[in-house]
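Please look at the structure below and follow the paragraphs alongside it.

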Amino acid sequence: RRQQTPPQGRSDMSRLAAIPLDRARDEPEDVNVSMLEWWQGCYDSVFVALHPFYAAPPDPDDPALDWYAFAKAATAKSWRDIAGRVGETNFARFALATLLAGYGMTSGNRRDMEPAPDDRLIAALQAHCESEGLAFPWDDSPTPSLEMALGEAFARLGTSAVTGWSEFRDQTAEITVANLLDAKTPCAGRLRHGVYAYLPARQMLATASYDNIWTILALTGPAREHVRPEDLFEGFWAGRETTVNWLNEPGTYAPPEGWT
């Protein structure tokens, strides 16, 4: 596991099993079901917002380091920018290599899984990030690097506060849009083990889960028109076949504009 995010906690599973499923706040349970099918009747569109690379702290092992605050304020770099610097134009190859490179993994860790990653690209990404002092995209939960963009998205919905949910949806915190918009106020740490989902009155869900280096935005039709996430985030719209396992399913989604 990469050590850029705070250690994750696990609650009593028997208690958590009693928490009812609520698709307005929960991501798909079945990786084989498309996201649009999962949220049918609840949300109408799904946008995958990519977590950016960002400037790494001078001492990532410093016990006093507040990762949430650091990541929110750090200079961010888009996937397109980094891809250009390592000479890769294919989005599917770059996405898979980015995930594996961030965990120090190669094709040998895939155990003959398809698609096969490009070890040359993985090595190039690792070398570039090391030489430029960059951290790989934040994993597991919505990255603090996107909090200000999320704040703008929620502001476009006319809301002043959202509910922050824990990983297992057993804890909540009210988070103001003003704090999301403030570069000096990290919001991801408002819950003990981090905020994994943001939800404003069931108009738009922003959520990420284990090993994700992207945040899924599920929106109602009116919310999509107001938010226009493609103007705020680097990413792409999910299609009818796009699942949460899209990284391993090239061809089930259209890459971001300008990528092959």
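Leu205 has Ala218 in E9 as its bridge partner. This is a predicted model, in which local features need pLDDT of at least 70 and side-chain atom pairs count only at pLDDT 80 or more, while totals for chains, interfaces and linings use all residues. Residues are numbered from 1 along each chain as its sequence is written, and side-chain values use heavy atoms, with hydrogens and water left out.

Strand E8 (residues 204-207) runs antiparallel to E9, joined to it by four bridges. Strands are DSSP runs of E with at least two residues, helices are runs of H or I with at least four, and both are numbered from the N terminus; two strands pair if DSSP finds at least two bridges between them. Six residues lie between E8 and E9 in their hairpin, and Asp211 in the turn has a positive phi of about 70°.

E9 also runs antiparallel to strand E1 (residues 45-50), with six bridges between them. There Val48 stands opposite Ile216 of E9. Strand E9 (residues 214-219) has six of its six residues buried, where buried means under 20% relative accessible area with a 1.4 Å probe, protein chains only. On one face these are Trp214, Ile216 and Ala218, and on the other Thr215, Leu217 and Leu219.

A separate description covers three other strands. They form an open sheet in the order E3-E2-E4, with antiparallel pairing. Its edge strands, E3 (76-77) and E4 (134-135), each pair on one side only. Strand E2 (residues 53-55) and E4 pair over two bridges, and Ala55 has Leu134 of E4 as its bridge partner.

Two packed helices are described by the angle between their axes and the distance between the axes. Helix H4 (residues 79-86) and helix H6 (residues 119-132) pack at about 110°, with axes 10 Å apart. H4 is therefore roughly perpendicular to H6, a term for angles of 65 to 115 degrees. Ile82, Arg85 and Val86 of H4 meet Arg120, Leu121, Ala124, Leu125 and His128 of H6, contact meaning heavy atoms within 4.5 Å.

Overall, the protein has nine helices and ten strands. Its radius of gyration is 18 Å, close to the 18 Å from the globule rule for 260 residues, so the protein is as compact as a globular protein of that length. The radius is taken over C-alpha atoms, and the rule is 2.2 Å times the number of residues to the power 0.38. Of the 260 residues, 50% count as buried.

Note on methods: Axes fitted to C-alpha atoms, helices over the stretch in contact; angles between N-to-C directions. Parallel < 35°, antiparallel > 145°, perpendicular 65-115°, else oblique.
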